[in-house]
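Open the model in your viewer and keep the sequence panel beside it. Work through the stops below in order.

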Amino acid sequence: MSTSSTGAAAAPRTGNAVAIKNFAFSPAKLQVKAGTTVTWTNEDTDAHTVTSAASGRPLHSAALATHAAYSYTFTKPGTYAYICTIHPFMTATVEVTR
């Protein structure tokens, strides 16, 4: 008999796609290697943005209509926190590793 183990809900996930749905970024924590292009796609009927939480950071999308997408290539390691400026309770992070 085998059992499976699942990670904690807050553990970063890998990949390069983030869905915007139900007024949340999914996954809320994404881990990628430097050089990876991440694409956010809005699956909600309301518009959303992908905007760096700190000034001077690279993420600055226009308002994304339903099914619209925004992509950014992360070239430097670090943790990039971002929000939806229309709905500031929507927050997430991308952790970039070497």
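A residue is called exposed when its relative accessible area is over 50%, buried when that area is under 20%, and partly exposed in between. Keep those cut-offs in mind, and remember that this is a predicted model.

**Stop 1: the loop between strand 2 and strand 3**

Select Asn22. It sits in the loop that links strand 2 (17-21) to strand 3. Is Asn22 buried or exposed? Its relative accessible area is 67%, so Asn22 is exposed. Now check the backbone. Asn22 is not a glycine, yet its phi is positive, about 55°.

Move on to Phe23. This residue lies in the loop between strand 2 and strand 3. Its phi is positive too, about 55°, and Phe23 is not a glycine either. Most residues other than glycine have a negative phi. For the side chain, look at accessibility: Phe23 has 32%. That value falls between 20% and 50%, so Phe23 counts as partly exposed.

**Stop 2**

Select Ser26 and Pro27 together. What kind of peptide bond joins them? The bond is cis, with omega at about 5°. Most peptide bonds are trans. Pro27 belongs to the loop between strand 3 (24-26) and strand 4.

**Stop 3: strand 4 and its partner**

Colour strand 4, residues 29-33. Then colour strand 9, residues 91-97. How many bridges join strand 4 to strand 9? There are 5, and the two strands run parallel.

Next, select Lys33, which is found in strand 4. Its relative accessibility is 55%, which is over 50%, so Lys33 counts as exposed. Draw a distance from its C-alpha atom to that of Thr97. Leaving out residues up to four places away in sequence, Lys33 touches Phe74, Val96, Thr97 and Arg98.

**Stop 4**

Zoom out. In what order do the strands of the open sheet lie? The order is 1-4-9-8-6, with 5 strands and mixed pairing. Finish at the edges, where strand 1 (13-14) and strand 6 (51-52) stand. Each has a single partner strand, so one side of each is left without a neighbour in the sheet.

Conventions: Residues are numbered from 1 along each chain as its sequence is written. This is a predicted model: local features need pLDDT of at least 70, side-chain atom pairs count only at pLDDT 80 or more; totals for chains, interfaces and linings use all residues. Side-chain values use heavy atoms; hydrogens and water are left out. Helices (H or I, at least four residues) and strands (E, at least two) are DSSP runs, numbered from the N terminus. Buried means under 20% relative accessible area, exposed over 50%, partly exposed in between (1.4 Å probe, protein chains only). Contact means heavy atoms within 4.5 Å. Two strands pair if DSSP finds at least two bridges between them.
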